[in-house]
Amino acid sequence: MRARVNHTFTYSYSAPVLLGPHRFCLKPRGQGFQRLLDFQLTISPQPGRQYPLVAASGDEIIRARFNGPCEAFSVQASSLVETETPPLLQACLEGNEPLLPYPVGHLNGDLAGSLEGWLPNGQHDPAAVDVAQEALMGSDQRALMFLQQLVEIIQDRVKYTQRHVGPAWPAGRTLKERVGSCRDLAMLMVEACRCVGLPARFVSGYHLVEPKPEIYDLHAWAEVYLPGAGWRGFDPSGSGIIDDRYIPLATSSKPELTAAVTGSFSGPNGVESKMSWSIEAEIQESAIQASAIEKSTIQESTIHESTGAPEVPHPL
């Protein structure tokens, strides 16, 4: 899939304010199953200093610092992205499907941060442990079956709903409320996977569903590290294994580090702020699809020419 995505944030203030340092996670991933063909970030007022950096996750984020007061602040990210459907997990694992719980000592030490529990003391949420054990019991300890069972259990226990405000809930609250946003369900899956030794992390990005909705929104899902297959995406609020309709922007073991825009402002007492946002997406024809269509057209033309009416010889 090739898509052009325009993501805009507009902030207005009731009095002049000074903008503090800001952090932007709006640049789509440019490796793996996704290619970034074009990216432009337009910020007003223009930052006094703007620079990219590579986060611990490997994603590129942008930081900016501002000079002088302003009464309005706008951010527009325009991206042209081409995605492809990842290869089948069964083909990648080639019969070497990991058995669970997976021994932590067999993993690369770089993955340690994606195994920690979400509680302040680093332990796993007991509610997530219970869900993981239930999924494990019905999976014959096989990783792929476990992930399938886990998605089904989450979707059975929690009703998906939109919630635009607030951080992701811990697993215990999501299961208690029996309702949650995409980021709540994603964190529940992340926590449950970590309980059985599978590194997992939170992903923020776009899901360009079909048919096209009236309004696009940011979406969240989970990425799970499978030895032999690497990081692979799973959407517990969708259909499980992700396809080429997903565009990752930022990943982290901590969901708050994937926020599209993070920053602060200071102003007189009582100053109020308002924020609006929009996401516009246009699905375009990829170079591979265009080549396949052209090839198909040529073949069809050749068939029509070769199967035309037989030529009748003229009598001598």
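The questions and answers below go through how terms are applied to this structure.

User: What kind of model is this, and how are residues numbered?

Analyst: This is a predicted model, where local features need pLDDT of at least 70, side-chain atom pairs count only at pLDDT 80 or more, and totals for chains, interfaces and linings use all residues. Residues are numbered from 1 along each chain as its sequence is written, and side-chain values use heavy atoms, with hydrogens and water left out.

User: How many helices and strands does the chain have, and what makes a run count as one?

Analyst: The chain has 6 helices and 14 strands. Both are DSSP runs, numbered from the N terminus: helices are H or I with at least four residues, strands are E with at least two. The C-alpha trace spans about 105 × 55 × 35 Å along its principal axes.

User: What makes the pair of aspartate 38 and arginine 4 a salt bridge?

Analyst: The closest N and O atoms of aspartate 38 and arginine 4 are 3.1 Å apart. A salt bridge needs a side-chain nitrogen of Lys or Arg within 4 Å of a carboxyl oxygen of Asp or Glu. The pair therefore qualifies. The structure holds 10 salt bridges.

User: Why can this pair be said to tie parts of the chain together?

Analyst: Aspartate 38 lies in strand 2 (residues 34–44) and arginine 4 in strand 1 (residues 2–24), so the pair ties together parts that are 34 residues apart in sequence.

User: What makes strand 1 and strand 5 a pair?

Analyst: Two strands pair if DSSP finds at least two bridges between them. Strand 1 and strand 5 are joined by 13 bridges and run antiparallel, so they pair. In strand 5, glutamate 82 is the bridge partner of arginine 2. Strand 2 also pairs with strand 5 in the antiparallel sense, over 10 bridges. There, arginine 35 has glutamate 82 as its bridge partner.

User: Why is glutamate 210 called exposed, and what does its side chain meet?

Analyst: Glutamate 210 has 52% relative accessibility, so glutamate 210 counts as exposed. Its side chain meets that of arginine 245 in a salt bridge (3.2 Å, N to O).

User: What makes a set of residues a nonpolar core, and which members of the largest one touch the most others?

Analyst: A nonpolar core is a set of buried Ala, Val, Leu, Ile, Met, Phe, Trp, Tyr and Cys residues joined through side-chain atoms within 4.5 Å. The largest has 43 residues, and Phe146, Leu147, Leu150, Met189, Cys193 and Leu198 touch the most other members. Helix 5 (182–195) is among the elements giving two or more residues to this core. Helix 5 gives the most, with 9 residues.

User: Which residues does cysteine 193 contact, and what counts as contact?

Analyst: Contact means heavy atoms within 4.5 Å. Leaving aside neighbours within four places in sequence, cysteine 193 is in contact with Phe146, Leu147, Leu150, Leu198, Ala200 and Val224.

User: How do you know that arginine 194 has no salt bridge with glutamate 191?

Analyst: Arginine 194 is buried, and glutamate 191, the nearest side chain of opposite charge, is 5.0 Å away. Lys and Arg count as positive and Asp and Glu as negative; His and the chain ends are not counted.

User: What does the side chain of arginine 194 reach?

Analyst: The side chain of arginine 194 reaches the backbone oxygen of serine 114 at 2.9 Å. Serine 114 is found in the loop between helix 1 and helix 2. Serine 114 is buried, with a relative accessible area of 11%.

Notes:
Buried means under 20% relative accessible area, exposed over 50%, partly exposed in between (1.4 Å probe, protein chains only). A polar contact is a pair of N or O atoms within 3.5 Å; within protein, one must be able to donate a hydrogen and the other to accept it, and residues adjacent in sequence count only if both atoms are side-chain atoms.
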